[in-house]
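Hello,

Here is the structure I said I would pass on. Please open it first, then read the notes below with it on your screen.

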Amino acid sequence: MTEASKAGVALLDRIEASRFLGPEFLLWLWFESDRGGGRVAVAEGAFVELWFEDALTLTDAATEVRLKAPTPTATPEAFEAVRQGKRPQVAKLRLTEGTQSWVFTYRAETAGWSGVTVPTEFAGDEEEGFFERMRLLEALEARWAELWARFFALRTSRAWSRRVLPELRAWVTRGGPS
């Protein structure tokens, strides 16, 4: 095997070993949104609103649960699926910052978005509209990166096992905020 092949295999091994992070990120977002009444901190003193809308898919190694409801994360079935070891894989989300709101589907396995709806349609010419949509997508990407950074910093800290996991487990057991 060549050095390039070995490096490729090592990269694939690292990706596979960290595949759990996407579903954990979605579960953490659900937890944070639920206990914050939709508000999730993106940085010290800065918040966005994040809501799970219309569709949620949870899976484990053997089975899949697809929930379709106005707020699928508020259903008893969603919490029961998590209690059974399933993790969110695909979620339709609404992220709102100020007066701007984006709706999109997020896939945990690929960390990818699809079906993104930007806050406004620009009324100018086609070129100006294109650049305005790109600016709005960049704003969404920046907020999403802040959420990921906050999650990753927490996930790799001692606070994850000492504070967050016990709170998350209690939240799942209760079926939501108390």
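By class, 9 nonpolar, 5 charged and 2 polar residues make up the lining of the largest pocket. This is a predicted model, and every value in this email is computed from it. The volume of that pocket is about 310 Å³. To find its centre on screen, select E24, L27, V82, R87 and L168, which are the closest to it among the 16 lining residues. Two or more lining residues come from each of α2 (21–35), α3 (76–83), β4 and α5 (158–174). Which element gives the most to the lining? That is α5, with 5 residues.

Next, the aromatic rings. The structure has 17 aromatic pairs. In one of them, the ring centres of F25 and W148 are 4.1 Å apart and the planes are at 20 degrees; planes under 30 degrees apart count as stacked, so this pair is stacked. F25 belongs to helix α2 and W148 to helix α4 (residues 126–155), so the pair links distant parts of the chain, 123 residues apart. Is F25 buried or exposed? Its relative accessible area is 0%, and buried means under 20%, so F25 is buried.

A second pair is formed by W28 and F151. Here the ring centres are 5.5 Å apart and the planes are at 45 degrees.

Strands β1 (residues 39–43) and β2 (residues 46–59) run antiparallel and are joined by 4 bridges. R39, for example, has E49 in β2 as its bridge partner. Between the two strands of the hairpin there are 2 residues, and G45 takes a positive phi near 80 degrees.

Last, the confidence of the prediction. The protein chain has a mean pLDDT of 88, with 88% of its residues at 70 or more. Where is confidence lowest, and where is it highest? The lowest mean, 55, is in helix α1 (residues 3–17), and the highest, 97, is in strand β4 (residues 87–97). Strand β4 is also one of the elements that line the largest pocket.

Regards

Terms used:
Residues are numbered from 1 along each chain as its sequence is written. This is a predicted model: local features need pLDDT of at least 70, side-chain atom pairs count only at pLDDT 80 or more; totals for chains, interfaces and linings use all residues. Side-chain values use heavy atoms; hydrogens and water are left out. pLDDT is the predictor's confidence in each residue, from 0 to 100. On a 1 Å grid over the protein atoms alone, a cavity is a set of points where a 1.4 Å probe fits but cannot get out, and a pocket is an open set with protein on both sides within 12 Å along at least five of seven lines; lining residues have an atom within 4 Å of a point. Grid points are joined across faces, edges and corners, and a volume is the space filled by probe spheres set on the points. Ala, Val, Leu, Ile, Met, Phe, Trp, Tyr, Cys and Pro count as nonpolar, Asp, Glu, Lys and Arg as charged, and the others, Gly among them, as polar. Two strands pair if DSSP finds at least two bridges between them. Rings of Phe, Tyr and Trp (its six-membered ring) pair if their centres lie within 6.5 Å; planes under 30 degrees apart count as stacked, over 60 as edge-to-face and the rest as tilted. Buried means under 20% relative accessible area, exposed over 50%, partly exposed in between (1.4 Å probe, protein chains only).
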